[in-house]
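Let's take a slow walk through a protein structure together. Have the sequence and the 3D view open, and follow along from one stop to the next.

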Protein chains: 2
Amino acid sequence: MPTIIKRSLKDNLSRANGFDDKSTVCANFERTDNENEKISFEKYLQLVKNPTTGGITTNIPDHWGSCVVRGIFTILLLAYFWYTIYMGPFAIMLTTLAIQVKCFAEIIDIVHKSYPINELPLFRLTSWYFLVAANYFCYGETLADYFNVFIGKIYVLRLLVNYHRFVSFCMYFVGIMWFVLSLRSKYDMHQFSLLAYTHIALLLIVVQSYMIVKNIFQGLIWLAVPVTLVVCNDITAYIFGKTFGKTPLIRVSPKKTWEGFIGAAVSTVIYGIVASYIMCHYSYFTCPVEYVEEMGKIEMNNNCETTSTFELKNYTISLNILELFYATASFLIYPFIFHSIVLSVFSSVIAPFGGFFASGFKRAFKIKDFGETIPGHGGILDRFDCQFFMATFVNVYITSFIKNATPEKIFNKVLYLEPDQQLQFFNMLKESLKDKL
Amino acid sequence: MPTIIKRSLKDNLSRANGFDDKSTVCANFERTDNENEKISFEKYLQLVKNPTTGGITTNIPDHWGSCVVRGIFTILLLAYFWYTIYMGPFAIMLTTLAIQVKCFAEIIDIVHKSYPINELPLFRLTSWYFLVAANYFCYGETLADYFNVFIGKIYVLRLLVNYHRFVSFCMYFVGIMWFVLSLRSKYDMHQFSLLAYTHIALLLIVVQSYMIVKNIFQGLIWLAVPVTLVVCNDITAYIFGKTFGKTPLIRVSPKKTWEGFIGAAVSTVIYGIVASYIMCHYSYFTCPVEYVEEMGKIEMNNNCETTSTFELKNYTISLNILELFYATASFLIYPFIFHSIVLSVFSSVIAPFGGFFASGFKRAFKIKDFGETIPGHGGILDRFDCQFFMATFVNVYITSFIKNATPEKIFNKVLYLEPDQQLQFFNMLKESLKDKL
């Protein structure tokens with residue numbers, strides 16, 4: 001229940017000194033221990049569960065065990081990530097869906113605990129119902145374009161695609177009707193809060209995770225580079241922060257330091273350039289994902305024509321200082337490298353706000369982690385908080401600056417027109433092309 | 001603050017007997033008066049302000065003054081509605097925008113009162129900032145198609161349209177950053193709740209009101225018929241309910257009766273058929289709205305070719321009972337009449353859930369009306385709660401079943417392609433058309 005808890009100055013201070021990652025709790029524990037305050041194991045458990053009482057953590061040695069666990073699971077997660085990339089687009093889509101569902105579950109779980117509705121056990125299902133409806137809406141909107149051939153064969157699928165918006169609206173409205181009918185005056189405020197948080201979770205998790213799926217259709221590089229940029233930024237920020245960290249960066253995440261921030265930003269840009277350079281060599285990463293009818297599944301079109309973004313291009317820079325010193329230099333660079341620099345800067349400067357947002361949420365709901373799924377890291381959402389905003393940014397970036405509209409997609413729209421309109425369209429295009437010749 | 005208030009059985013009962021419209025309060029007042037309970041004017045005011053203590057209202061004469069005020073303002077509202085229709089699409093868009101902003105203000109106001117954040121006066125602005133961002137996102141998405149010529153002339157507008165998604169994302173993300181930076185541990189739970197309610201308001205009010213604007217581009221009939229259907233349903237439900245109402249319909253809105261519901265549904269279908277029949281005669285209602293370059297403004301294209309939806313069509317029904325009785329009948333009907341019947345049924349059976357949803361919200365936040373803007377009716381949102389869902393339904397209905405895709409809109413997309421892709425597209429279309437001949 002959202003009540004303002006009156007906190008003493010000390011409480012506020014300790015709160016302001018945060019609990020941003022696993023090591024904090026261990027560090028808290030050690031610090032108090034060092035100060036010869038006797039703490040029982042019960043109190044330690046309490047500390048882990050209720051870390052608002054945590055203390056200042058800078059300059060305190062890490063709990064090595066925790067660090068090792070954290071490190072091992074970082075490697076395991078990265079290995080799994082590359083394995084799904086290797087397995088292809090379908091595996092990536094399934095993994096994304098699984099992560100999305102788990103993240104949604106974590107948020108809804110926390111909110112349901114804060115706004116308990118004990119007498120209406122079925123009410124919890126409304127959130128899940130909205131999750132299904134939102135997924136149908138998101139995935140139906142564009143996936144249909146890519147599975148055209150496959151969908152044409154199955155009648156029910158064709159109906160679900162042709163009337164996609166209508167079915168989505170009906171599903172959503174049925175959810176609203178269900179919600180209205182299950183309103184009970186004893187819990188109505190809680191029920192509305194749950195509905196509001198469900199909506200924000202749908203927007204920030206379902207819609208954003210769906211962007212990941214949209215991005216891979218432009219080529220796996222649009223997944224592999226951004227995801228690893230965020231990972232690289234997280235890891236290097238941690239290392240630089242631990243080694244040189246002194247100056248605190250932001251109130252919401254008190255463990256973050258300027259030293260970690262700058263070190264990570266520089267490392268991330270360098271990593272981005274190197275990784276992009278390597279990946280631009282492989283058509284597996286640069287070719288768009290398509291539905292291959294013969295194989296009956298979506299697959300990389302490895303024989304695609306390379307678009308200009310992934311072709312070496314000559315850039316010439318000329319320098320002219322007061323007509324005294326003159327120099328020109330030429331570089332052969334993949335244009336994608338420039339895009340990757342933009343993505344690096346976003347991932348190290350702007351995307352962390354996704355993490356700060358998650359930290360704020362955890363603090364508001366008085367929890368330490370979103371879950372306990374990944375040992376050493378917390379819940380799935382603790383690991384993926386920045387990835388979601390990154391995915392949306394990449395998607396918006398592609399649609400705004402790469403503009404990879406394919407003739408095939410527009411062609412499908414023309415086929416929906418009436419025959420005489422198709423003819424009218426044909427003549428319009430003919431005239432326009434004549435003018436250009 | 002959302003606290004569960006323990007209510008006595010009596011309280012719950014009186015709550016269950018509702019406070020659904022203005023007349024309730026007056027009726028409550030009279031009832032108590034009749035029972036010779038002395039109530040001071042202060043208590044009356046308290047009743048008006050806190051109607052949760054209201055009593056059973058059926059079979060109690062209306063407070064005539066209130067009814068007259070309500071009636072007069074119903075007529076004024078309808079007159080203003082037809083006046084904006086007469087003034088044309090631009091006036092409609094401005095009115096829709098004004099209504100949308102006022103409804104958003106009413107919701108945000110109520111939520112801010114329930115989750116007060118006194119020490120951060122600027123925080124309230126974040127909700128308004130998100131409103132601006134959402135409007136830019138919604139209106140930019142399609143209005144651009146219709147104002148192509150106008151936009152081409154102004155450089156800044158061209159930038160805002162070409163990079164529309166990118167600018168929208170940046171605006172939204174700046175809002176999230178602002179939110180994160182203004183988080184204070186004392187208020188964080190309140191701040192997150194405000195953010196969540198802002199999101200639900202954006203979805204249910206901004207996005208849905210934008211559907212109204214999208215609909216008018218298909219012809220003003222798609223605005224005039226649905227809006228008046230809801231109005232007709234509201235008024236006839238009130239009249240039938242008052243006259244014959246006995247059997248309660250739904251717990252959330254205890255003043256609604258089955259008699260009112262059925263009477264209204266029948267009246268609404270009849271009204272829908274008559275209104276559609278009349279409007280189908282006027283190209284002012286059936287022609288799509290377009291941007292007229294010579295006039296420099298959006299206007300009805302009154303000389304448009306009528307689409308099949310608005311052209312009289314012959315329908316034949318044959319009846320054959322056991323080969324003994326045989327009859328055929330032919331009707332000349334506008335196909336739009338069938339659409340209007342679907343809309344009537346939606347407006348009288350499903351759309352009221354929008355109103356129930358609003359009632360539930362008011363009850364949860366312990367308010368009687370969303371505001372005091374329209375005397376006799378309450379706030380703007382009290383009058384428009386069902387209209388928003390109706391607008392979305394109409395929009396989804398049009399895109400799913402009317403499919404009025406114009407060659408012009410798709411043509412713009414083709415012009416975005418690279419020249420060689422345009423040629424490829426041209427050849428694809430040529431082949432496809434050849435096959436059909």
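This is a predicted model: local features need pLDDT of at least 70, side-chain atom pairs count only at pLDDT 80 or more; totals for chains, interfaces and linings use all residues.

Residues are numbered from 1 along each chain as its sequence is written, chains are lettered from A and ligands numbered from 1 in the order in which they are written, and side-chain values use heavy atoms, leaving out hydrogens and water.

Let's begin with helix H4 of chain A, residues 64–87. Helices here are DSSP runs of H or I with at least four residues, strands are runs of E with at least two, and both are numbered from the N terminus. H4(A) has 24 residues and reaches 34 Å from its first C-alpha to its last, close to the 34 Å expected at 1.5 Å a residue. That expected span is 1.5 Å times one less than the number of residues in the helix. Which residues of this helix are buried? They include Ser66(A), Cys67(A), Arg70(A), Thr74(A), Phe81(A), Thr84(A) and Ile85(A). "Buried" means under 20% relative accessible area, "exposed" means over 50%, and "partly exposed" is in between (1.4 Å probe, protein chains only).

Now look at where the two chains meet. The contact (heavy atoms within 4.5 Å) takes 84 residues from chain B and 83 residues from chain A. The size of an interface is often given as the accessible area lost when the parts come together. Here chain B and chain A bury about 7,900 Å² between them, 78% of it on carbon and sulfur atoms; this buried area is the accessible area (1.4 Å probe) that two parts lose on being put together, summed over both. Phe169(B), Met189(B) and Phe192(B) supply 8% of the area that chain B buries against chain A, more than any other three residues. How many salt bridges cross this interface? The rule finds 0 between chain B and chain A, a salt bridge being a side-chain nitrogen of Lys or Arg within 4 Å of a carboxyl oxygen of Asp or Glu. Among the helices of chain B, H10(B) gives the most to the side that touches chain A, with 13 residues.

In chain A, helix H10 (residues 188–216) holds His190(A). His190(A) is buried, at 2% relative accessibility, and its side chain reaches the backbone oxygen of Pro116(A) at 3.2 Å.

What about the cysteines? A search of the whole structure finds 0 disulfides over all chains, where a disulfide is a pair of cysteine sulfur atoms within 2.5 Å. For Cys103(A), the nearest cysteine sulfur belongs to Cys386(A), 12 Å away. Cys103(A) is buried, with a relative accessible area of 0%.

Charged pairs come next. The structure holds 12 salt bridges over all chains. In one of them, Lys113(A) meets Asp109(A) at 3.5 Å, N to O. Both lie in helix H5 (residues 89–114) of chain A, 4 residues apart, about one turn of the helix. Lys113(A) is exposed at 65% relative accessibility, while Asp109(A) is partly exposed at 30%. These two residues and Arg124(A) are linked in a network of salt bridges.

Lys362(A) forms another salt bridge, with Asp382(A), the closest N and O atoms being 2.6 Å apart. Lys362(A) lies in helix H15 and Asp382(A) in helix H16, so the pair ties together parts that are 20 residues apart in sequence. Both Lys362(A) and Asp382(A) are buried.

Our last stop is the loop between H15 and H16 of chain A, where Lys366(A) is found. Phi of Lys366(A) is near 55 degrees, a positive value in a residue other than glycine. Lys366(A) is partly exposed, at 34% relative accessibility.

Note on methods:
A polar contact is a pair of N or O atoms within 3.5 Å; within protein, one must be able to donate a hydrogen and the other to accept it, and residues adjacent in sequence count only if both atoms are side-chain atoms.
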